[in-house]
Protein chains: 2
Amino acid sequence: MPGARTSAEAAASMADIAGEGPLYVWDQKRRPTINDVARLAEVSKKTVSRVINQSPLVNDETRQKIAKVIADIGYEPDPQARGLASQRSFLLGVVYDNPNGQYIVNIQNGILEACRKSGFELVVHPCARNSPQFLKEVRQFVERQKLDGVILLPPVSEDEALAAMLTEVGCRFVRIACVPLDMAAHLVVYEDYKGAAEVADHLVQLGHRRIGFVAGPAHYRSAHERRRGFADGLARHGLGLTPELCVEGAYTFESGQACAEKLLSLETPPTAIFASNDEMAAGIYRVAFQHGISIPGQLTVVGFDDSPLASRTCPAMTTVRLPATQMGQMAAEKLIKRIEQPDAKLLETVVQPHLVIRESSGTIR
Amino acid sequence: MPGARTSAEAAASMADIAGEGPLYVWDQKRRPTINDVARLAEVSKKTVSRVINQSPLVNDETRQKIAKVIADIGYEPDPQARGLASQRSFLLGVVYDNPNGQYIVNIQNGILEACRKSGFELVVHPCARNSPQFLKEVRQFVERQKLDGVILLPPVSEDEALAAMLTEVGCRFVRIACVPLDMAAHLVVYEDYKGAAEVADHLVQLGHRRIGFVAGPAHYRSAHERRRGFADGLARHGLGLTPELCVEGAYTFESGQACAEKLLSLETPPTAIFASNDEMAAGIYRVAFQHGISIPGQLTVVGFDDSPLASRTCPAMTTVRLPATQMGQMAAEKLIKRIEQPDAKLLETVVQPHLVIRESSGTIR
DNA sequence: CTGAAAGCGCTTACAG
DNA sequence: CTGAAAGCGCTTACAG
């Protein structure tokens, strides 16, 4: 298409404004390319490429001349073309199966915060871990788009087959998880264990001794960590998880209701219940409401996550806050570092949850 | 790099399994390309390209031969290469400034449902409409990635400057909005007006006459539509919005509390309050709780959105449900249709909200 | 430190 | 209905 080239060259002209240096009058219809920059800076496009890719092998004067042209004409390298030539995409993916919308969006926002600084964009990919196509489907997603890296959110981040597949196809990833499942460089760890232990301290300090526990589903690592942290926390005060007062939910509102029915219909019901997430705690609220049991007067309830729900219930719910946005940002920064500096040593990234005490905490005299 | 080509050719060999037809043993390290398909099908790559792009100008026999090779070796066209050659990206964007996480994720899921069927991927882009860089920033996003189309969520979908900019740069878009802001082909409309009118019917039927209204912020179209629908709904029963009982909130929990304080401290407080979204309704719950006002015994409360919050409050909240997932899917389907069949006539897409009656609705004897 | 050539995997525009 | 050539906007590998 020599015609196009000719017209572009005709349109790209330089003019001098008195004392202001060169000003380039540009064809507004077409985005400038590396060839335009090369021509205007009077260098080869390979040298422009070196500047774009921050190669140290460029004379400082040359670099500045090129940088000026780039800034003047507003050149931005085409990620598609860069990607096709270099077998990458400048795209990050986030893979999740968590149903909690606010949590996803918060993490997403954190990831995007990190992307914004580095020129990556984010492609979202919810998945169904129980589907027989699961691995094949994620693999196609990753390979088709040549994703530069993927961030895995819990609980799908706990899937070892997924991690193995990504390793096999050469796709870098960072997992957000509540236990160290992997090498430090691949992880952002949030310590559910500690958060749950804090809840134990809190409840014991309030004077509770007969404490109910609603666990999460057994196949979730977070469920396991929260239980372990809570049990160990109680143990530090010479208490333990009473089997009679432990029930397992499914992290859903409905399962929280069912668990509450069980616990509150005991001959001697607990004076406090710690639910392994806010959704289930809200289910406890519902049952207490239906039975006319006052919170926190007759029953203390504590959740986990600090979802929007927790601060809007009546009374407002004591819970454990996970800094989701920050976790997303840290995960993305780590992933980008792995992509851009493959040899950099990366340390463990650990995020601390903390207890948010609200109105659902009552004392026992 | 003739070496690479040679090794690939060497690796690509055919073998016959008795009576099973040809089986291609493939180099697992390298994804097959259009050249591989062309060679194995003994046609030019242009003809393969025609099959990929569903051109009708291919002999049926040729098409089937090529399709078989494609299926056998698991060829998938590289979107980057296709995009570079054809000035597109097979990427859709979603631009939003709404803070409601579950709403975003639901719409996102709907969009992805439509993408899955058509080979598009979704890039997410939250934005800050009040930033001075807003337009420039979205423009860069769209141009850099050569997005094939963008879906705009409310309230940023109401921004006419944004729509104008997208039109100018030639980026197709579909807006999700509560009023017809644009041509039918560019819109998915959800009728807030009707939802709010239903609330009026409901409250009047319950016997309420002294009804409070918490409006959304005046610069949101949804706030306007919900007010208008509610007022018109009341008017159909010979009632009207009493100025004294109308207050304006900001769609936030805190503003809902402030509005409730005003309404409930009136000499004759309302017997029912319709809040323009669930967040503000939850704020009303909080104030009622603090003042010992029972819902629905002394006060009926109705929200709007059917966010997760609404079904988890105690008592569960009557509200208006917007089918967010469906809206996302319809918007994406419409956008994809515009991309793939630019000449197709597209009709108005309208989504109906509906009232979900729960426990916060009380009768007046 | 810099550049000319070839290539990434497709499609466009043209020809037959 | 099919194909050879040129091109999309970059980078790689090599040379100097």
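How many residues of chain A are in contact with chain B? Let's look at some close-ups of this predicted model.

**View 1. Chain A meets chain B.** Here 49 residues of chain A touch 49 residues of chain B. For chain A and chain B, about 4100 Å² is buried, with carbon and sulfur atoms giving 51% of that. On the chain A side, Q80(A), R144(A) and R312(A) lose the most area to chain B, together 18% of what that side buries.

**View 2. Charges and polar partners across the interface.** Eight salt bridges turn up between chain A and chain B. Zoom in on K146(A) and D78(B): they form a salt bridge, and their closest N and O atoms sit 2.4 Å apart. There are also 27 residue pairs in polar contact between the two chains. Several elements of chain A give two or more residues to this side, including helix 5 (79-86), strand 3 (91-96) and helix 13 (308-312). Helix 6 of chain A supplies the largest share, eight residues. Sort the chain A side by class and you get 22 nonpolar, 14 polar and 13 charged residues.

**View 3. Two helices packing inside chain A.** Helix 2 (residues 34-41) and helix 3 (residues 45-52) of chain A pack at about 110 degrees, their axes 8 Å apart. That angle is why helix 2 of chain A counts as roughly perpendicular to helix 3 of chain A. I34(A), N35(A), V37(A) and A38(A) from helix 2 meet K45(A), V48(A), S49(A) and I52(A) from helix 3. This contact has five nonpolar, two polar and one charged residues.

Methods
Residues numbered from 1 in each chain as written. Chains lettered and ligands numbered in written order. Predicted model: local features only at pLDDT ≥ 70, side-chain atom pairs only at ≥ 80, totals over all residues. Heavy atoms only, no water. Contact = heavy atoms within 4.5 Å. Buried area = accessible area lost by both parts, 1.4 Å probe. Salt bridge = Lys/Arg side-chain N within 4 Å of Asp/Glu carboxyl O. Polar contact = N/O pair within 3.5 Å; in protein donor to acceptor, adjacent residues only side chain to side chain. Helix = DSSP H or I, 4+ residues; strand = E, 2+ residues; numbered from the N terminus. Nonpolar A, V, L, I, M, F, W, Y, C, P; charged D, E, K, R; others polar. Axes fitted to C-alpha atoms, helices over the stretch in contact; angles between N-to-C directions. Parallel < 35°, antiparallel > 145°, perpendicular 65-115°, else oblique.
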